[in-house]
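Here is a friendly walk through one protein model, with a look at its charged pairs, its helices and its surface. Keep the structure open beside you as you read.

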Amino acid sequence: MAGTILITGAGTGFGKEVALRLAAQGREVIAGVEIIAQVTELRAEAEKRGVDLRVEKLDITDPGDRTKAWSWDVEVLLNNAGIAEGGAVVDIPEDQIRQQFEVNVFGTMLLTQGFARTMAAKRSGKIVFVSSTAGLITDAFTGTYSASKHAIEAFADALNQELAEFGVAIATINPGPYLTGFNDTAMERWKEWRDDPSGRLFDYTELAFPREQLDPEPVYDVAVAVLTGATDLYRNVVPDEMVSAIREQLDSKWERQQNDGATGARSELVEKAYELAPATPAE
């Protein structure tokens with residue numbers, strides 16, 4: 001698909017690398033970054049790589065920034081901006097829960113509304129959401145993040161049905177646990193909590209992200225393929241090997257028994273959070 005591609009959250013991680021790779025292909029890309037300092041940093045990185053990349057400050061939670069972005073002529077929107085708050089759902093303070101949803105859900109949905117209206121009027125365009133496998137399944141200590149991605153999955157599914165007659169394509173990208181620093185940083189967010197540590201159920205100095213993590217290279221390839229039209233799949237789980245495990249985990253809920261208060265058995269992923277070191281790579 002021709003036209004300008006807007007990528008939110010392009011100051012770091014998946015968004016940054018995908019923006020640079022698309023620019024290297026000669027695509028017209030607008031890299032939206034959250035804070036002004038990232039504008040300078042990403043422009044310098046683009047110059048270093050010898051690519052032409054337009055970098056704009058775009059905090060998706062800022063109404064002014066959203067309005068400014070709607071004036072850009074965008075054919076493809078990649079909703080990549082997101083944050084993760086690690087911790088047990090009973091421990092995470094209210095402010096952090098609200099911020100999780102402000103960025104991942106409300107900011108994303110409100111930004112998308114404006115572009116969706118424009119695309120529908122033109123009867124052309126594509127909206128892609130960087131969701132997560134956490135939007136399909138839920139692990140211990142990722143509950144609020146997973147809840148936000150489940151919400152985005154519902155939003156994307158509804159858009160897919162509602163915008164079909166207007167010629168607007170919708171897709172999701174669902175990365176698994178990749179070693180970009182995102183997951184490990186999430187598990188250190190407790191250091192910013194303004195609560196009474198004595199009231200927490202868990203000691204977060206003892207916990208790490210509860211899964212081994214993968215090299216992110218395949219995510220970049222899949223994202224580029226989805227954005228450029230090299231694939232027309234609606235849901236794009238990365239890696240493919242996780243699909244069967246995700247389906248098994250989803251199906252198992254139909255037979256799941258309630259927790260047995262008599263045994264008080266610790267769940268497998270909670271145990272792994274104690275066992276694994278931060279940034280443990282998958283073999």
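Is Glu-56 buried, partly exposed or exposed? Glu-56 has 21% relative accessibility, so this residue counts as partly exposed. Please keep in mind that you are looking at a predicted model.

The side chain of Glu-56 meets that of Arg-54 in a salt bridge, with 3.0 Å from N to O. Arg-54 comes out at 37% relative accessibility and therefore counts as partly exposed, and Glu-56, at 21%, is partly exposed as well.

Now look at Lys-57, which forms a salt bridge with Asp-65. The closest N and O atoms of Lys-57 and Asp-65 are 2.8 Å apart. Asp-65, in contrast, has a relative accessible area of 8%, so Asp-65 is buried.

Which residue forms a salt bridge with Glu-85? The partner is Arg-189, and the closest N and O atoms of the two are 3.1 Å apart. This pair links distant parts of the chain, as Glu-85 and Arg-189 are 104 residues apart. You will find Glu-85 in the loop between strand 4 (76-79) and helix 4, while Arg-189 belongs to the loop between helix 6 and helix 7.

The two ends of this bridge also fall into separate accessibility classes. Glu-85 has 3% relative accessibility and so counts as buried. Arg-189 has a relative accessible area of 29%, which means that Arg-189 is partly exposed.

## The wider set of charged pairs

Side chains of opposite charge can pair when their charged atoms come close. How many salt bridges are there in this model? The count comes to 19.

Some charged residues join up in a network of salt bridges. The members to pick out on your screen are Glu-17, Arg-21, Glu-45, Arg-49, Glu-217 and Asp-221.

## Helix 4 and its neighbours

Two packed helices are described by the angle between their axes and the distance between the axes. Take helix 4 (residues 94-122) and helix 5 (residues 143-162): their axes come within 9 Å and cross at roughly 15°. Helix 4 and helix 5 are therefore roughly parallel to each other, and their crossing is right-handed.

What about helix 3 (residues 63-70)? The axes of helix 3 and helix 4 come within 9 Å and cross at roughly 30°. An angle under 35 degrees counts as roughly parallel, so helix 3 is roughly parallel to helix 4. Helix 3 passes helix 4 in a right-handed crossing.

Helix 4 also holds Asp-95. With 59% relative accessibility, Asp-95 counts as exposed. If you trace back to Asn-80, 15 residues away along the chain, the C-alpha atoms of Asn-80 and Asp-95 are separated by 22 Å.

Which residues make the nonpolar surface patch of about 310 Å²? Val-89, Val-90 and Leu-201 do.

Leu-201 has its place in the loop between helix 6 (182-186) and helix 7 (217-228), the loop that also carries Arg-189. Leu-201 reaches 60% relative accessibility, and residues over 50% are exposed, so Leu-201 counts as exposed.

Notes:
Residues numbered from 1 in each chain as written. Predicted model: local features only at pLDDT ≥ 70, side-chain atom pairs only at ≥ 80, totals over all residues. Heavy atoms only, no water. Patch = residues over 30% accessible without salt bridge, like charges linked within 9 Å, V, L, I, M, F, W, Y side chains within 5 Å. Areas by Shrake-Rupley, 256 points an atom, 1.4 Å probe, with all protein chains shown as cover. Salt bridge = Lys/Arg side-chain N within 4 Å of Asp/Glu carboxyl O. Helix = DSSP H or I, 4+ residues; strand = E, 2+ residues; numbered from the N terminus. Buried < 20%, exposed > 50% of the residue type's maximum accessible area, 1.4 Å probe, protein only. Axes fitted to C-alpha atoms, helices over the stretch in contact; angles between N-to-C directions. Parallel < 35°, antiparallel > 145°, perpendicular 65-115°, else oblique. Left-handed = near helix turned anticlockwise from the far one by under 90°.
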